[in-house]
Each structure stands twice: as structure tokens, then as C-alpha cells.
Amino acid sequence: MHFLRRSTGRASVVSSPGVPSLRESFRMLVILVLCCLQLGACSVGQEDTTFGEVTRIETLVETLQDPDFDARAESAGKEHGSINIEFWLPPAASVEAHMGQQQAHGGPSSQRELQQFRLQEEAVDTSLTIRHEPHHRSLEESARSRRISRTLLQDSFGEADALLQFKAEIENYTDNALDGWTTGNRSTYCSWTRVICDDELHVISLNFSGLKMNGTLGPSLGKLEYLEDLDLSHNFLLSELPVEWGRLQRLQTLNVHDNYLFGGVPAEYGNMSSLRVLYIGVQGWFFNGSIPEELGLLSELEVLALGTLFNFDAKQEYYPYRSNKMRGSIPKSIANCTKLWYLDFFGNNNLTGPIPREYGQLVNLEYLSFEQNNFTGSIPSELGNLTKIKFLHLGNNALEREFPVELASLSELEFLNVGTNFLTGSFLTVESTSWSRLDNLFIDGNKFRGGFPRAVTAMTALTRFYMFNNEFTGGLPENLGQLANLQEFSFRSNQLDGELPDSLNNCTQLFLLDAANNGLTGTLDPLRNLSLLTYMNLGTSYSSKNITWENLRGHTPDLVLNSFTGTLTDDVILQWPLLQYLYLDTNAFTGPIPKVLGDLADLKDLLLNDNDFRGPIPAELGKLSNLTLLFLHNNKLSGPIPTSLADLKSILQINLSNNSLTGGIPPEFGGLENLQYLRLHVNKLTGEIPPELGRLQKMVYLILHSNNLTGTIPASLANCSSLKNTRLSNNELTGTVTQIDFLQLRSLESFSVNGNQLGGGFPVSVYNCTDLKLLDLSSNGFSGELPDSYEYSQPVLRDLRVLGLSFNKFSGSVPGWIWKLPELQVLDLSHNSFTGVWPTNLSGLEGFSRLEASPDDDGGGSRVSNNNPTQIEGEGRKLFEQISIQAKGLRLVYEYVLETLISIDLSYNQLSGRLPYALGELRGLTYLNLAHNDFSGEIPQVFGDLLLLQSLDFSVNYLTGKIPAVLTRPSLGYLNLSYNYLEGEIPTANAFSTRYDISSFKPGNDQLCGPPLETTCVAQDSNASGSLATPGAPSSELLDGTFWRAFEIGAAIGVVILLGTLSIIPFTRHWLLHPQVFARPSKKLKFGVFREPT
């Protein structure tokens, strides 16, 4: 990334072109200087001496290139002894004084010219010294020169060693970029690739951008004290930023963008007093340090990019899957960096606190971004002082209060984003602004209210205006057409009403129009001139999602809907020849679907669902070769499904549900190799399910329920390896499901075939579907016992949440694996012939132990219905899957299932034994139905632990004892204890006795008394409680000797008679041993309005 060099002298990242040998340049420069001195020397008779100096300099250069220089210089030092070189150099004061004179006369002023002047001074001083000294000291002077050069070269070789150390820290790189960096040619390090030196052989620039380097960053580069530019961007470095780099006081540009650094910016970087560009850029989640206050010391700083995109001039270089996580507040001290023109904190997500008002002092700012963080508080009005600002990003934060009117005076503003915050009030309270140059305006995702901001209509340079997801009311302004340059206009999900203004026809550059979820009416005539439209959404915000509107209707009370009317004629459609996305769903359009839609060659999404379209589906739609979505559901379409739809080779989703389509499913659909969703439910389709559908390898959803389909389920569906949801319920399918090899359907999450005529045994291979969340085989003719082999009992169906096997002919005991399903929340085994007792250990039902529901939360959207709404997708723990259960004395249909719906229905079986105390562990239970079984004993007190229980049905069992007081909680809305053998007084706490009518306790339970029953409870002495004696009889009468003698004789006679009777009459034996069979009412009795519907 190269920063644009600006007229104000801003820094730039220097690239690394090839350069000639710097030693040769230095040699030629010295010779040139000495030649100039020779010309002056000729006039005073010093010609021989000066040219002797030239010879000495040539000897010096040759010596620098000699590989044996170090050894010979060391030997020369020993031969001539130590030489003091301080007296030989010209005094610094004289140099500075001379430079002052030079500058006063327009002479050399730069550092490099100063260095050249020093070389001239040294040469002149040397010539003068030689002129006045004996000739025999010339050898000593030569050695002295070599020692000086050797000292300078040793300093430079230290920089070479630093570069070699840096290379050793790097593991990999591309293009053989650093292969030439070796110790053998360390003397030529200035000619190494990616290295630039100055005339004094100091490294001033390193550019390693895009070398795909791996490795860590050590302190080595911190030794390059003359370094000015360092570019390490676009690599794979995994390291912290070295603290030692803080010593680089000459560094002007530091670019480490697009690596995998971690930690943060060291506080020592505040010592980089010359730094003009600090570009951290995108690193990743582990770059999570705080921003040091010391950065405020960088007085020369012009660019501070701590965000994850470089977006100057809105040319985005965006990394959506990577972001930094710098945290904490942003320092106020950065306001001291008054030369800043680019300041970016974008995409760190964890920066918090208010935006410092001091940033209003950064009057040179042109680009300022706080976007995609967690800044709070209000937008500082002091930002109105940034008179040079062009790009201001404040979106995706938690900013509150009203938009400051001071920002309306920013006349240079071209880009403003305050979207996705919590801003309130009117967006603009002024009639006009200074935003004549504003090109992009984003105010979406706030709580702005009031009418349409009319000041916007004067922003004639506007090309993009997003105001969706707010609370604007009223109509669109009639002069909206003044925005003639408008290209993208989105105002969906507000509360705007009325008709579209006719002036909208003047916005002929418009190619995106999103007006979904408002209260707009009228026709589409105001759009007649918008021939460049490629995206038009006048429907709902859910149009392009996998959620069908029929499941949202009634569950989104705050959602506002458009109601455009009229007929879509061919002339209307031909006005928009470039359309790619057409969303007209959930309106009131009538008439037939235009055939000319088939001529929109670029069309990708066509959503006409939830209207009043009638007639057949045009066969011409098959010409839309780029079409990916075809939604025509919830209309009044009729006739067969056109076979031509099989030509839609790009199609991903087809939804023709909830119409009156007839005929069969075209077998040609098996050629739609990209098809993922096929929804044809709730029609009048007949015939068999085409086996050709088994060729759809990418199909995820196959929803065919509520038709008149016949035949068997094709075994070829097992070839649809991507299948997640199969819904074939409420048809007339026959055969079995055991022919389906579920082993191949490893991705299956939902399988529902309820309401057919299927038979056979339980499909054991379904145990291989480890992602299965819903299995519904109810209302069929399945029979036999459920397998309970250990090989299936432990690891199977770990994600299963809904198991429906009701209304079948299953028998035997309930297998143990059912009580070990950790995610199970809805279990319906009702209306079968299961036997046995309830297990005492229910700890495996972990899903029943959740306490996340509130007592009045029924766990999902429910209604009393026999309809079958379609499956829809959802997020998190919400399962968008239609199920029906028996609860509250009614058949409830749930259109979606929340985690809070916890239900068990074992009614109409032959289960027996006592109710286990383990039921108290199922603390999330909301519905429990055990009616029509053979349970006996008392109702356990542990039911007091079921705080979320809303419906309880124990009717038609053999329960005895008293009604426990723990059942009196107000949350229990439905209770049925009829046809049992309960006794005692009905509890009165929490209006329990008046909350339910008599049908909750009667028929049966003859020993119950108290309201709401007419039977009054008789007060009894506590000592006689439970006695069979007549109240008031003296106890001595029961204990005298006559009684016991009579008892012994009678008992002996009774035993003899009983044994004889049992051995002679089998019927009597059965009657005495099983009296309950003759005492209980028939299960086939009708209980009036309380009979549970089947």
C-alpha cells in the first residue's frame, strides 16, 4: 500500500528500485571535489601536492574494496602506533560558521550538502597540512586515513549485521528476495534487494511488502538508527511489535498492515519523534491491546491508521473476516497531533467510552473513522470544527442522543455515516445544510423519528442515501425528484405511508430502490422512467431470506406492510429491462403473472409471493437462465407446474406452496443440479414422488406436505446427501420407511411423515443421523417394538429435540435410549400400546432440566389448528418446525418451537406402576399428559419442584391419596384428575378450589370433598383418622375376648371358603384378584367436552 504523496509534504512509502554501487558514486564524488580544488591550487603552485591527494583518495577507495583490508589496517596500526585523529578533523564550530555564511548567501543548506562541505573542508585541510609538514610523514598520513575509513566502515557493518539478524528471524519469504543477504557479501549490503541506503552507507528504507514472510519480529531493526521508512505490510508475521523499535527517532513511515501481529502498540513508540505515518491496519483478534497515551507525543504524525481498512477516498480495502480487537478508551492526547489528516479506529469492536471532545482540535483532519466499535455517549458537537473533513464514519457503535446540528456546517463533507447506533430525535432540525458536496449519507439503523428530513432534498450531489430501520412517519416529499444524481435509495422498515411521489421519475440514475416494510399504497406508475433499475424491493425485509411470510404473519405485530395495488402488465415490466432483483411480495397485486417476465434476461430473484395473483404459472419463466430464487407461494395460482421450470439451471430455491396447483411433480426437476430448496406444500398435487429427485445432490429442503401424493417414498432420496429437512406429512403415502438408507443422510435434521398410511417397523437406520433434531412418525400404522439394543442406546440421536410416535401401533416397553436423549424437549408416545413402568432414573433428559422459561411462556407460537404451516429456518435454539401436541385439553399446533417448550405425552397407553420421584428433576417441564394409563399410588410431592408446569393431565388412572397442596401454584393453568381414586379435601390455597371447574375432579374420585364439589367435608377426630369403625364407638368393644374368639372362628371359615371358590370358579378368582378391571370406567367412554380430540 503506497500512501499518496500530497502537496503539503506528507510522507510516502518509498519503494525499492535498483541502485548502482554507492562506493563507486562516493569515489567519483571525491575525485570531482579534489579536481575542483586542484584548479585553485594551480594558481598558488600547489599542483603537485593536490594531485598527490587525489592519488591518496584513490588509494583509500581501493583499500575499502580490498577484502584483506581489516588485517592490513590492523598491521599498519601496530607499525605506526596509535594515531590521534581528533586534531586532524576540522573544528565543528568552523564548519557551522561556514555553513551559516553559505546559507546567508544562498549556499548549501541541506544535511547532505553539509556533509559534502565537510568533505571539502577535510580535503583542503589535508592539503594544507601536507604542504607544511616533512615529506617523510606521508606514510603516516596514509595510515591515518585508512584508520578513519575503517572506523566508518565498522559502523556500517553493524547495520549489515542487524539486517542479517532480521533475516534469521524470518522463516519463509517469496521471490528469493533475501537470498542475497549473506555474510560473505556483507560489505555490499546497500545493494541488497529491498534495501536503500543514503550516501553515507546508512540504511534509510526497507520495503518487505507482499513477500509472504513468516516468522517473528525481533529487536534487530531497532539498531538501524538512520531508518526512515519501514514497510512490512501484506505478510504472515506472527509476533508482537518490538519495543526496541521505539529508538528509531528518524523513522517517518511504519507500515505493518495485513499481518497476524498480537498484543498492541508499545508505549515506547511515542519516542519516534519523526514519525509521520503509523499504519497498523488489520491484524486479527489477538491484536487486542489498548492505545497508549504516548502516541500523543508524535507531533509530526499525519496518518494514524489503527483500523482494519484503508478507506481514503472511499476506496475500500476491506477484510470482513478479520478485525482487530483493540480495547479500552481512545486517548485524548491524540488531539495534540495537530498535523493529522487521516485518523482511523475502524473495526476494533472493543474500543469503548465516549468520543473525546478534544478531537475537535484536529482541524487538519480530512478522514476520521470511529466505525464498528462500542463508543457510547453523544456525537461531540466539537466535530463541527473540522472544517476540512471529507469523510466522517461514526456508524456501528452505541452512540445516543440527537444528531448535533453543528455538523451541518461542514462544507467539505463528502461521506457521512452515522448508521446502526441509538440516535434519536429528528435527523436534521435545520432547513438547510452546507453539504452541497455530500455524496454518501447513511443514517440507517437508529431511532430517528418525525417526517422525512426535507433538508436532504437540497443535497443534489447525493448518490447513496440509506435511511432504513428508523421510525420516520408521513409521506415522501413531492420534490424528492430534485435528487437527480441519486443511484441508491433505501428507506425500508419505517412507517412511511401514502403513495410514491411522481417526481421520483426524475431520478433516472436510480438503480437500487428499497421501500420494503412501510405503509405505502398506490400503483407503480411513479417508477415508469427508472429504466436503470436493477434492484427493486417493495415487499418485505424478509424477501431474500429462507423465512416464508406465512410463518411470520401474526408473530411480528410491529411490522408495517406495503399495500401496492394494480395489475402487472407487460408494459409495466418492460420499463425495467435491467432488473436483477424484483421483490413485490406481500402486497395486493392482482391478475395473472406477466409472461414478459421471462424476457428479463438478467433476473436473479423473483418474489411475487403473498399477493392475489391468479391463473397459471407462465411457462415463459423457464427462460430465466440466471434465476436463483422463484417465490410464488401464497397466491391463488392454479393449473399444473410448468415443465419448463426444469430449464432454470441456476435456480437455488423454488417455492410454489399454498396455491391450488394440480397435476404431478415434474420428474424433470431431477435435472436441477443446483436446487437446494423445493417447497410445493399445501397444493392439490397428485401422483407419486418422482424418484428422479434423488439426483439432487445439493438439495437441502424437500417440503411436499399437505398434498394428495400417493405411492411409496422413493429409496433414491437417500442419495440426496445434503438433505437436512424432509417433510412429506399429510399425504396418502403407503409402504414403509425402512427402505430408506438413513446412513447416507448424515446431515438430516428433520424427518416428518406424519399423517400418511405408512406401516412396518421403526426405521433403525435413522440412528445414524447424528444431527437429527426432529423425528415425526405419528398418525400412521407403524407397529412392533422399538429396538433397545445397547449398540444403539448410548450414542444415538444426541441432538434430537422432538420425537413424535403418537397414533401408531407400537407396543412393548419404552426403550431406554429415549430416556437418555440429552437435548430432547418434546416427547409424544401417546395412542400406542406401550407397557411397563416408568424408569426411576431420568437424569439423561438434560433438556427437561432447563429453567429458562417464564411461567406464562408457552414456548413458541401456538394456535388451535389442524392446518400445517410450512417449515422455516431459524437461529440458535429456536426450532422453526411445525409440530402438534395434546395439552391444556386441546390439540395445539406449534408453528415454531422455542427451547422453553418442554412436553411429555404418554397418554392412551398401558403404562403402570407408581409415578417416579425422578419427575421432580424435570424442572423445565411445561406440559405433562399421562391420561388413560394404569398408573397407581399417590401423586408425589416432588411435583412442587416443577415451577414451570402449565398443564397436567392424570385422568383415567388408579391414583389414590390426597391432592398434594404443591399443585396449587398459580402457574398451573390446566388440571385434569378425573377418573381416579383420590380422596380428602380439595386444597384451597391460591384459589385452587375455584380456579378449576368440577370436570377437573369428576367423574371418579368419590371420596373428594370441598369446593368446587357439592360434597361437604365432615370434620373427623384426628385419632380416628383412617379407621373403618363407626365414629364414636368405644374402643373396648373391639378389644374384648368375645370379639377375638369370634374373629378367629370366622377367619378360619372364610379362608376355607375362599380357597374352595378360587379353585372351582376361574371367573371368581379373576374378579377377586383384579377388582380394578371391573371398577374402572371403559377407556372408550366419551367424556363430553373433556374428551381429548383424536
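These notebook entries record what I looked up in a predicted model.

**Basis of the entries**

I number residues from 1 along each chain as its sequence is written, and I use heavy atoms for side-chain values, with hydrogens and water left out.

**Disulfides**

I searched the whole structure for disulfides, meaning pairs of cysteine sulfur atoms within 2.5 Å, and found two. With the bonded cysteines numbered in sequence order, I read the pairing as 1-2, 3-4.

For accessibility I call a residue buried under 20% relative accessible area, exposed over 50% and partly exposed in between (1.4 Å probe, protein chains only). Cysteine 190 is buried at 8%, and cysteine 197 is buried at 11%.

I then turned to cysteine 1009 and cysteine 1017, joined with an S to S distance of 1.8 Å. Here the torsion is about 105 degrees, so the disulfide is right-handed. Cysteine 1009 is buried at 10%, whereas cysteine 1017 is partly exposed at 28%.

I also checked cysteine 337, which is buried at 0% relative accessibility, and cysteine 720, which is buried at 0% as well.

**Annotated domain**

I noted that an unreviewed UniProt entry annotates residues 159-198 as "domain: Leucine-rich repeat-containing N-terminal plant-type". UniProt positions are given in the numbering used here, feature names are shortened, and annotations may be inferred rather than shown by experiment. Over residues 159-198 I recorded 28% helix and 15% strand, with the end C-alpha atoms 13 Å apart. Helices (H or I, at least four residues) and strands (E, at least two) are DSSP runs numbered from the N terminus.

**Strand pairing**

I counted two strands as paired if DSSP finds at least two bridges between them. Strand β44 (residues 809-813) runs parallel to strand β46 (residues 833-837), with three bridges joining them; serine 811 stands opposite serine 833 of β46. β46 also pairs in the parallel sense with strand β51 (residues 910-914), over three bridges, and there valine 837 faces serine 912 of β51.

**Salt bridges**

I took a salt bridge to be a side-chain nitrogen of Lys or Arg within 4 Å of a carboxyl oxygen of Asp or Glu, and the count came to 13.

One of them joins glutamate 412 to arginine 437, with the closest N and O atoms 2.6 Å apart. Glutamate 412 lies in the loop between β16 and β17 and arginine 437 in the loop between β18 and β19, so the pair ties together parts 25 residues apart in sequence. Glutamate 412 is partly exposed at 22%, and arginine 437 is partly exposed at 45%.

I next examined arginine 492 and aspartate 514, which meet at 2.8 Å, N to O. Arginine 492 sits in the loop between β23 and β24, and aspartate 514 in strand β25, 22 residues apart. Arginine 492 is partly exposed at 22%, but aspartate 514 is buried at 3%.

Last, I looked up arginine 528 and aspartate 502, at 3.0 Å, N to O. Arginine 528 lies in the loop between β26 and β27 and aspartate 502 in the loop between β24 and β25, so this pair ties together parts 26 residues apart in sequence. Salt bridges that share partners join Asp502, Asp525 and Arg528 into one network.

How values were computed. This is a predicted model: local features need pLDDT of at least 70, side-chain atom pairs count only at pLDDT 80 or more; totals for chains, interfaces and linings use all residues.
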